[in-house]
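Subject: Structure for you to look at

Hi,

Here is the structure I promised. Please open it alongside this note.

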Amino acid sequence: MGGKGASVLANSNPILEISKLRIEFDTPRGVLQVVNAIDLTVREGETLGLVGESGCGKSVTSMSIMGLLPEAVATISGGSIRFRGKELTTLSDKEMRKVRGNEISIIFQEPMTSLNPVFTIAQQLVEPLRQHKRLSKRERRERIIEMLRKVGIPRAEQIVDEYPHQLSGGMRQRVMIALAMLGEPQLLIADEPTTALDVTIQAQILELMRAMKQENGMAVMLITHDLGVVAEMCDRVAVMYAGQVVEVAEVRDLFDRPKHPYTKGLLSSLP
Ligand code: ADP
Ligand code: MG
């Protein structure tokens, strides 16, 4: 994923262009401006890191790209989100469902995972395959088992008929990656994908993401609070602070010459 080739990627086409995006939340204390006119671009094939302290608006940004903001309280009050030229903020729910899981996939931090406890792994992983109308039931099952093997799940042909609670946290996160990858997305958003996992599993999941990315060349937006992960995985990095993007740079430049005071503080807190 990271480092090498960054300058080549700098010239590749944007796949996601967020421009002057504003998101407000209705709260008992009044309207909160949670995302405040941010610009972000992810280019084809690159991994963009998105870092910033807890509560700065990273997850809300990723939810807005996926059309998953809680409608009752959140509003996009300005700006645009374009995916391969297509404006996402004005799509209908039905159109957005098609984008989600096929063109763009998301992996959440473990406690928020969207695995449903009442369905087997196979019943959930078949969803992104519904776009391939010509696949038989059996072929779909084979593809699922093959993907589970790819993400390093042992005994995949058995696991496929088990329920999420029968798996460990690390295994569930692998299933989530399998789910994301089965849709063959052009953009993967990974929102703190390893934060809830222990260090060994963390390294395995990151390695897996790197391998999957190499295989299909998708773009990744990797949200993390871990600058070590950024250094290892990302080409460029955007720094968010209090609802704004305060700095965007190639990873090496950010580490060598941080510009914004918040970024400087972040780097000086590294061991
Ligand atoms: P993070 O950068 O840690 O992912 P979030 O994007 O989850 O931060 O949250 C950004 C801010 O949005 C939070 O500080 C919080 O004030 C606000 N927020 C998030 N979800 C809600 C909600 N459901 N209701 C009200 N405010 C929310
Ligand atoms: Mg978050």
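Below is what was found in it, topic by topic.

This is a predicted model, so local features need pLDDT of at least 70 and side-chain atom pairs count only at pLDDT 80 or more, while totals for chains, interfaces and linings use all residues. Residues are numbered from 1 along each chain as its sequence is written, and chains are lettered from A and ligands numbered from 1 in the order in which they are written.

Ligand site

There are 14 residues around ligand 1. A residue is near the ligand if its C-beta atom, placed from the backbone, lies within 6 Å of it. Val34, Gly55, Lys58, Ser59 and Val60 come nearest. Strand E1 (14-27), strand E2 (30-43) and helix H2 (58-65) each supply at least two residues of this shell. The largest share, 3 residues, is from H2. Helices (H or I, at least four residues) and strands (E, at least two) are DSSP runs, numbered from the N terminus.

By class, the shell has 7 nonpolar, 6 polar and 1 charged residues. Ala, Val, Leu, Ile, Met, Phe, Trp, Tyr, Cys and Pro count as nonpolar, Asp, Glu, Lys and Arg as charged, and the others, Gly among them, as polar.

Sheet

An open sheet is formed by 6 strands in the order E6-E7-E8-E3-E9-E10, with mixed pairing. Two strands pair if DSSP finds at least two bridges between them. Strand E6 (104-107) and strand E10 (244-250) stand at the edges with a single partner strand each, so one side of each has no neighbour in the sheet.

E6 and strand E7 (residues 187-191) run parallel, joined by 4 bridges. Ile106 stands opposite Ile189 in E7. Both faces of E6 are covered: Ile104 and Ile106 on one side, Ser105 and Ile107 on the other, are all buried. Buried means 20 or more other C-beta atoms within 10 Å of the residue's own, exposed means 12 or fewer, and partly exposed is in between, with C-beta atoms placed from the backbone.

Two backbone points

Most residues other than glycine have a negative phi. Ala37 has a positive one, near 60°. Ala37 lies in strand E2. It counts as partly exposed because it has 14 C-beta neighbours inside 10 Å.

Ala242 also has a positive phi, near 45°. Ala242 is found in the loop between strand E9 (236-241) and E10. With 14 other C-beta atoms within 10 Å, Ala242 is partly exposed.

Best wishes
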